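This report looks at a helix and a surface patch in one protein, and at a residue from each. Please keep the sequence and the structure in view while reading.

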Amino acid sequence: MAKKKDDVDIVIDEKGKQVKDPNRMYNLIAKIIIVVAVLFFVINGSYYYVNEQENAVVTMFGKVVRTDTAGLYFKIPFIQKVEKVDMTTHGTGVGYTIAGNGQNITDDNNGIMITSDFNLLNIDFYLEYKVSDPVAYLYNSDDPEEILKDIALSSIRTVVASYTVDEAMTTGKGLIQAAVKEEMVKELSEHNIGLTVINITVQDSEPPTEEIIAAFKSVETAKQGADTAKNNALKYQNQELPNATAKADKIRKDAEGKKEARIAEAEGQASRFEQIYEQYKQYPLITKKRMFYETMEELLPTLKVIITDGDTQTMYPLDSFVNIGGSSGSSSSQNQSNGSGED
């Protein structure tokens, strides 16, 4: 039997004594626990922490209130919601799939492109991207990464189609990477999915069949051989050109020296002729004789001159009579025969 006394439940036990109701204490403890739990959840839901690699988007009643960077922040519990977005750079393969462990790589048909010369090319890219706008990333699309991959494939096909297969495999890789990145940036700005391209690089490019691969390797080997020959030719040119230049300079200088000497000699002879001509105009006979004697002085040492008066002959210069052999005798005999003949 229970009675109330001063708002306290009184219970009569088996012996007829009045005792306090124990259920009241249990109910009080339960209420305290519930209050503490509610306070805990309220306090715990009123703040949040954002690390340096994240951004937090706060919404209230479905509308974005603010975007927070790294730090500790407070919010209205149970009314405001917080979604955190990873802002670091991520990477993915285009044309091949990377397994979760990062080791197993498998090709897919998305990497097969057609070039401007209507050849098939299996070309793989590695795409690096990150979130640029966390609000657009969360609410503008259901799967922004999938949209990004589709945009990458579309841009790659458009760019590769403007290059030949040879360019796409060799010299055109850098141009293709830059053009694909530019095209993707343009497409992403139009779709506004909150992602941006950091970099996109060609991982591998080769024909889809083994026979064509072998043919292209042969072409590449030939090009390398041509480059080697060209480099060797340039090396030889760089070695020989200085020597040839020096020889040419020497020949030119020698020619210029001879030219100056001949000019000086000609000018001297012309000046001498003018002087002689001036003398000739004043004294023609004397000048003619002097010129004759000077000429004879130059010629006489190399000539044999015979002077005769009809009876006696004299030869200048006189031959030596001490030569060994028959040279002197023959000369005397010749002189005598000449004299007797003229007599």
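In which strand does Tyr49 lie? In this predicted model, Tyr49 lies in strand S4. Tyr49 is exposed, with a relative accessible area of 52%, and the cut-off for that word is over 50%. Together with Tyr47, Leu72 and Phe74, Tyr49 makes a nonpolar surface patch of about 480 Å². Strand S4 (47-50) and strand S7 (71-74) each supply at least two residues of this patch.

The second residue is Ser155, which lies in helix H3 (residues 144-160).

Leaving aside residues up to four places away in sequence, Ser155 touches Val180, Glu183, Met184 and Glu187.

Helix H3 has 17 residues, which at 1.5 Å a residue should span 24 Å, and its end C-alpha atoms are 24 Å apart, in agreement with that expectation. Besides Ser155, the buried residues of H3 are Pro144, Leu148, Ile151, Ala152, Leu153, Ile156, Val159 and Val160. The cover over the buried residues of H3 includes helix H2 (134-139) and helix H5 (173-191), along with strand S9 (90-94), strand S12 (112-114), strand S13 (120-131) and strand S14 (195-206).

Key:
Residues are numbered from 1 along each chain as its sequence is written. This is a predicted model: local features need pLDDT of at least 70, side-chain atom pairs count only at pLDDT 80 or more; totals for chains, interfaces and linings use all residues. Side-chain values use heavy atoms; hydrogens and water are left out. Helices (H or I, at least four residues) and strands (E, at least two) are DSSP runs, numbered from the N terminus. Contact means heavy atoms within 4.5 Å. The expected span of a helix is 1.5 Å times one less than its number of residues. Buried means under 20% relative accessible area, exposed over 50%, partly exposed in between (1.4 Å probe, protein chains only). Patches are made of residues with over 30% relative accessible area and no salt bridge: like charges are joined within 9 Å, nonpolar side chains (Val, Leu, Ile, Met, Phe, Trp, Tyr) within 5 Å. Accessible areas come from the Shrake-Rupley method with a 1.4 Å probe; for residues, only the protein chains shown count as cover. A salt bridge is a side-chain nitrogen of Lys or Arg within 4 Å of a carboxyl oxygen of Asp or Glu.
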